[in-house]
Amino acid sequence: MCSPEQFRVDYAINPWMNVGSVNSDLAQKQWHELRDAYVSLGAEVTVIDADESLPDMVFAADQGIFRDKKVVLSRFRYAQRRGESVFYAKWFEDHGYEVLHLPPEIFLEGGGESWWLGDTLLLGRGYRTSEAAAHVVENFLGKRVVSLQLIDERFYHLDTCLFVLNATTVFYYPPALSDDARETLKKMVPNVFELTEKEALSFAANSVVVDKTVVVHKGNESFEKKLHELEMKTISIDVSEFLKSGGGIHCLTAMIL
């Protein structure tokens with residue numbers, strides 16, 4: 001995770017962003033509650049310091065795709081976020097990762113744009129990630145990559161409309177994905193559940209699994225009920241200040257595998 005002290009909305013690069021709307025004190029309180037929830041579940045949490053010039057640096061998930069001590073470092077489509085990569089690259093290098101830097105013509109927005117489904121990587125494309133990124137990631141990590149096209153600008157990253165519970169179960173919001181992407185999911189995954197529009201707009205997909213517990217954004221009672229029916233526990237955390245920038249619980253969390 002990345003410390004929240006510098007988080008604010010200074011610009012608008014997605015439909016959720018409302019410049020100047022963030023309550024900084026409340027955002028910090030919400031972030032600390034999320035971190036504490038992870039610790040209570042037994043997760044090891046490492047925190048990187050934010051740079052004052054990079055208000056979106058708090059969204060740690062977006063920084064790269066990592067597996068087996070390798071990381072494909074993100075190359076952000078918008079210039080406002082590209083400076084974040086310098087700090088995350090150093091963190092990965094200092095922790096013994098082999099880091100791949102993408103060429104200028106390929107954009108990729110890391111964990112925000114991807115989910116691991118077992119050993120297969122689901123990778124979004126359409127708004128922030130180039131179609132060519134899938135081939136580069138597949139070659140570098142040595143894992144199968146399946147590209148899914150996003151078609152609703154409100155769901156500009158894959159983790160805003162798709163949630164992977166485990167290797168056999170996913171939740172997704174159908175209108176956010178192309179016909180081909182929806183069919184691909186149904187062919188690949190035994191259990192595919194739909195999110196309602198209300199759940200999708202409440203960032204239900206932007207959740208994090210820690211063992212048998214799912215950490216979800218507060219106010220997603222219907223989604224939590226579905227998870228309970230699948231014998232999962234849930235913890236709800238209010239991250240409403242971060243939604244003002246188009247980010248939620250998963251966006252704030254880089255899950256290192």
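Leaving aside its neighbours within four places in sequence, S178 is in contact with Q149 and I151, where contact means heavy atoms within 4.5 Å. The structure is a predicted model, in which local features need pLDDT of at least 70 and side-chain atom pairs count only at pLDDT 80 or more, while totals for chains, interfaces and linings use all residues. Residues are numbered from 1 along each chain as its sequence is written, and side-chain values use heavy atoms, with hydrogens and water left out.

S178 lies in the loop between β8 and α5, the element names referring to DSSP runs numbered from the N terminus, with helices (H or I) of at least four residues and strands (E) of at least two. At 12% relative accessibility, S178 counts as buried; buried stands for under 20% relative accessible area, exposed for over 50%, and partly exposed for what lies in between, with a 1.4 Å probe and protein chains only. A polar atom of the S178 side chain lies 3.1 Å from the backbone nitrogen of A181, and A181 is itself one of the buried residues of the helix α5.

Helix α5 spans residues 179-188, and its buried residues are A181, R182, T184 and L185. These four are on the same side of α5 because they cover an arc of only 160° around the axis, the arc being that of the directions from the helix axis to the C-beta atoms. What covers these buried residues includes the strands β5 (120-125), β6 (145-149), β7 (162-166), β8 (169-172) and β9 (191-194). On the face of α5 turned away from its buried side, the exposed residues D179, D180 and K187 are found.

As for L227, its contacts beyond four places in sequence are F163, L165, F171, V214, V216, M232 and T234.

Charged pairs are a further theme, and the structure holds 14 salt bridges. One of them joins the side chains of R154 and E197 at 3.8 Å, N to O, and this pair links distant parts of the chain, with R154 in the loop between β6 and β7 and E197 in helix α6 (residues 197-201), 43 residues apart. R154 is partly exposed at a relative accessible area of 26%, and E197 is also partly exposed, at 42%. Between K244 and E241 the salt bridge is 3.0 Å, N to O; here K244 counts as partly exposed at 28% relative accessibility, whereas E241 counts as buried at 4%. D62, R81 and E84, in turn, are linked in a network of salt bridges.

Turning to the strands, β1 (residues 64-67) and β2 (residues 70-73) pair in the antiparallel sense over 4 bridges, pairing being counted if DSSP finds at least two bridges between two strands. The bridge partner of I65 in β2 is V72, and in the hairpin of β1 and β2, which has 2 residues between the strands, D68 takes a positive phi near 50°. With β3 (residues 98-101), β2 pairs in the parallel sense, again over 4 bridges, and V71 stands opposite V99 in β3.

S3 is found in the segment before α1 (24-40) and is buried, with a relative accessible area of 11%. Beyond four places in sequence, S3 is in contact with W31, V47, I48, D49, A50 and V58.

Conventions: Salt bridge = Lys/Arg side-chain N within 4 Å of Asp/Glu carboxyl O. Polar contact = N/O pair within 3.5 Å; in protein donor to acceptor, adjacent residues only side chain to side chain.
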